[in-house]
Amino acid sequence: MIDDLPPLRQVIAAHGLSARKALGQNFLLDLNLTAKIARQAGDLRGCDVLEIGPGPGGLTRALLAGGARKVLAVEKDARCIPALEEIAAACPGRLEIVQGDALEIDAMAHLSAPVRIVANLPYNVGTELLVRWLDPPAWPPFWTSLTLMFQREVAERIVAKPGSKAYGRLSILAQWRCEARIAMSLPPGAFTPPPKVASAVVHLAALPAPRYPADAAILNRVVATAFNQRRKMLRAALKGLAPDIEERLASVGIAPTERAERVPLDRFCALARTFGGSV
Ligand code: SAM
C-alpha cells in the first residue's frame, strides 16, 4: 500500500539523495502538497500519466494514490531508482520506471491513450520539454493535459495576454492550441532545498483543434520574428519576412506601427495565413 511507505525525509536519508543543483533538484516532501498538485491534473482514473523527474517520488505517490491506471516515471538520476522501486513494489504493475534523459525517451512507446503529463520539472529542461509537447508534428498531441511546475515567471509567460510584459512566443504557442491557466502558486519554502524564486503549477488542456487556423511552422516563424525585436514596430521587425509586409499587416487589421506585444493571437494567425503554405 502507498500509505504504508515511509516518510520522504526517511527515504532521502536511506538512499543518500542529497539534492544536486545541476539536476535541478528541489524536492517536494509534503505529501499533502503533492496530493494537491496531482488533483490539479483532474480525474486520473483510466489515464496513463507521464511524470518527468520523479526524484524521491512524492508526486509519483500522489499520482498513484489519485487512481492513475499507470505512471511512467522518467528520472535521470540513478540514485533515485531504488527509492522509486519501493513505490513500484507497493503498487504492482502500475509504476514503470525509466532511468534516462526525458529529452531522449520516446514516452509513447510505454503508454496508452489517454495520457496526462504531470511533473515538478527540472528547471533546466522544463521550457524545452514544454515547447516540444506544445509543438508536435501533428495535432491533437499524444497527451490530453499538462500539469507542470515552473518558475513563477515562466508560468506567467505561458498564460500572459496581449499588452502585458510577459506576453510572447510561449504565450502564443501555449494558447493557440490549449486552454492554459495557473492552477497553484508555491513559495520557495515548499521545496527542499528552497529555490531562489517562487514557483507555480500551470495546467494546459489540449484543444481538439487549434483555436484559429494557421500553419504551425509559419505561425512560429512569424511570431518568433515579431518578438525577436519586441520593441520595434512590426513593419520594421517583420520586414525580412516579405517586402510587402506593411500591406499584409494592414490587410489583417494590424497597424504596421503596432508592436508585437499588443497583437492578439487571432491576428497573428491571420497574418500567418497571408503567407499560405510557406514563408
Ligand atoms: N518530482 C520530484 C519532487 O517533486 O520532489 C523532484 C522534482 S526536481 C524539481 C526535478 C527532478 O528531475 C530531479 O529528480 C532530477 O534528478 C530530475 N531530472 C533532471 N534532469 C532530468 C532529465 N533531463 N530527464 C529526467 N529527469 C531529470
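Figure 1. An oxygen atom of the ligand lies 3.4 Å from a polar backbone atom of Gly55. This is a predicted model: local features need pLDDT of at least 70, side-chain atom pairs count only at pLDDT 80 or more, and totals for chains, interfaces and linings use all residues. Residues are numbered from 1 along each chain as its sequence is written, and side-chain values use heavy atoms, with hydrogens and water left out. A ligand nitrogen atom is 3.4 Å from a polar backbone atom of Pro54. At Asn120, an N or O atom of the side chain is 2.8 Å from a ligand oxygen atom. Taken alone, the ligand exposes 590 Å², and the protein buries 99% of that. These areas come from the Shrake-Rupley method with a 1.4 Å probe.

**Figure 2. The shell around the ligand.** The ligand is surrounded by 20 residues. Here a residue is near a molecule if one of its heavy atoms lies within 4 Å of it. The closest are Gln25, Leu28, Gly53, Glu75 and Asn120. By class, the shell holds 8 nonpolar, 7 polar and 5 charged residues. Ala, Val, Leu, Ile, Met, Phe, Trp, Tyr, Cys and Pro count as nonpolar, Asp, Glu, Lys and Arg as charged, and the others, Gly among them, as polar. The ligand takes up the space of the largest pocket. A pocket is an open set of points on a 1 Å grid over the protein atoms alone, where a 1.4 Å probe fits, with protein on both sides within 12 Å along at least five of seven lines. A molecule sits in a pocket if more than half of its atoms lie within 2 Å of its grid points.

Figure 3. Thr60 belongs to helix 3 (residues 58-65). Helices (H or I, at least four residues) and strands (E, at least two) are DSSP runs, numbered from the N terminus. Thr60 has a relative accessible area of 0%, so it counts as buried. Buried means under 20% relative accessible area, exposed over 50%, and partly exposed in between (1.4 Å probe, protein chains only). The side chain of Thr60 makes a polar contact with the side chain of Glu51, at 2.6 Å. A polar contact is a pair of N or O atoms within 3.5 Å; within protein, one must be able to donate a hydrogen and the other to accept it, and residues adjacent in sequence count only if both atoms are side-chain atoms.

**Figure 4. Two cis peptide bonds.** The bond from Trp139 to Pro140 is cis, with omega near 0 degrees. Pro140 sits in the loop between helix 5 (123-134) and strand 5 (145-151). The bond from Thr192 to Pro193 is also cis. Its omega is near -10 degrees. Pro193 is in the loop between strand 6 (178-186) and strand 7 (199-206).

**Figure 5. Residues of the loops.** Ser18 is in the loop between helix 1 (8-15) and helix 2 (31-40). Its relative accessibility is 48%, so Ser18 counts as partly exposed. Ile105 is in the loop between strand 3 (95-99) and strand 4 (115-120). Ile105 is partly exposed, at 22%.

**Figure 6. The segment after helix 11.** Phe275 follows helix 11 (265-273). Its relative accessibility is 9%, so Phe275 is buried. Thr274 is also found in the segment after helix 11. At 27%, Thr274 is partly exposed.

Definitions and conventions: On a 1 Å grid over the protein atoms alone, a cavity is a set of points where a 1.4 Å probe fits but cannot get out, and a pocket is an open set with protein on both sides within 12 Å along at least five of seven lines; lining residues have an atom within 4 Å of a point.
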